[in-house]
Amino acid sequence: MEIIRSRPETASAPSDWFTGRAYIDEIAPTDSPSRLRAYRVHFAPGARTGWHKHPNGQVIHVTEGVGLAQRRGGDVEQIRAGDTVRFDAGEDHWHGAAPGHFMTHLALHEADENGNDAYWGEKVSDEEYFAGSPEGRAA
Ligand code: MN
């Protein structure tokens, strides 16, 4: 047993993979044999991940605010505190804050045998991001 009183400092989400300002707290240590990965991610309004896939799928659970999520080929969906979203293994998708709203979620997934937990593609364009937003570009 190990009690970890404070995780390493909150990290800025890598700008290669995210648009806008997002901050990541690592909850589950990654230096163990377990493939479990758990993060708390805070997104500023308008911030979102790029398109990506998880080798073993992912669950996100929204703890605060209002966000957006989309799978490739699907509609942009609004997500709110209390909502859980499951992504299939290899399903191309993105998630982030809604325009004008902060959003925080827990992200839970398993790395693959090589320790990779996400495979990143292109960023989500403003056109894609605002496609599902009733606020539109005015936000
Ligand atoms: Mn994801």
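A13 sits in the loop that runs between strand 1 (11–12) and strand 2 (18–19). This is a predicted model. A13 counts as buried, because its relative accessibility is 12% and the cut-off for buried is under 20%.

Not counting residues up to four places away in sequence, A13 touches F18, A22, Y23 and I24. D25 is 12 residues from A13 in sequence. The C-alpha atoms of A13 and D25 are 9.6 Å apart.

## Nonpolar cores

Two of the residues that A13 touches, F18 and I24, also belong to the largest nonpolar core. That core has 17 residues. F18, I24, F43, I60, I79 and M103 have the most contacts inside it. Strand 3 (22–26), strand 4, strand 7 (58–71), strand 9 (84–87) and strand 11 each give two or more residues to this core. In soluble globular proteins, nonpolar side chains tend to be buried together.

What is F43 in contact with, leaving aside its neighbours within four places in sequence? The list includes F18, A22, A97, F102 and M103. It also includes R21, R48, T49, H95, G96, H101 and H105.

## The largest pocket

The largest pocket holds about 320 Å³ of space. Its lining has 18 residues. F18, I24, Y39, D117 and W120 lie nearest the pocket centre. F18 and I24 are also among the core residues named for having the most contacts.

Strand 4 (36–43) and strand 11 (103–110) each supply at least two lining residues. By type, the lining divides into 10 nonpolar, 7 polar and 1 charged.

## The manganese site

Which residues coordinate the manganese ion? The donors are H52 (NE2), H54 (NE2), Q58 (OE1), H93 (NE2) and H95 (NE2). They lie at 2.1 to 2.2 Å. Their spacing in sequence is H-x1-H-x3-Q-x34-H-x1-H.

The pair H54 and H95 links distant parts of the chain, 41 residues apart. H54 is in the loop between strand 6 (52–53) and strand 7. H95 is in strand 10 (residues 93–97). Both H54 and H95 are buried. H95 is also in contact with F43.

K53 belongs to strand 6. Is K53 buried or partly exposed? K53 counts as partly exposed, because its relative accessibility is 37%.

Beyond four places in sequence, K53 touches G90, E91, D92, H93, D117, A118 and Y119. H93 is a manganese donor, and D117 is among the residues nearest the centre of the largest pocket. H42 is 11 residues from K53 along the chain, with 20 Å between their C-alpha atoms.

## Two further positions

A81 lies in the loop between strand 8 (77–80) and strand 9. Its relative accessible area is 43%, so A81 is partly exposed. Leaving aside neighbours within four places in sequence, A81 is in contact with V62, T63, E64 and G65. A81 and G65 are 16 residues apart along the chain, and their C-alpha atoms are separated by 5.7 Å.

S6 is in the segment before strand 1. S6 counts as exposed, because its relative accessibility is 60% and the cut-off for exposed is over 50%. I27 is 21 residues away along the chain. The C-alpha atoms of S6 and I27 are separated by 9.3 Å.

How values were computed
Residues numbered from 1 in each chain as written. Predicted model: local features only at pLDDT ≥ 70, side-chain atom pairs only at ≥ 80, totals over all residues. Heavy atoms only, no water. 1 Å grid on protein atoms, 1.4 Å probe; cavity = no way out; pocket = protein on both sides within 12 Å on 5 of 7 lines; lining within 4 Å. Points joined across faces, edges and corners; volume = space filled by probe spheres on them. Helix = DSSP H or I, 4+ residues; strand = E, 2+ residues; numbered from the N terminus. Nonpolar A, V, L, I, M, F, W, Y, C, P; charged D, E, K, R; others polar. Core = buried A, V, L, I, M, F, W, Y, C linked by side-chain atoms within 4.5 Å. Buried < 20%, exposed > 50% of the residue type's maximum accessible area, 1.4 Å probe, protein only. Contact = heavy atoms within 4.5 Å. Donors = N, O, S within 2.8 Å, 3.2 Å for Na, K, Ca; no water.
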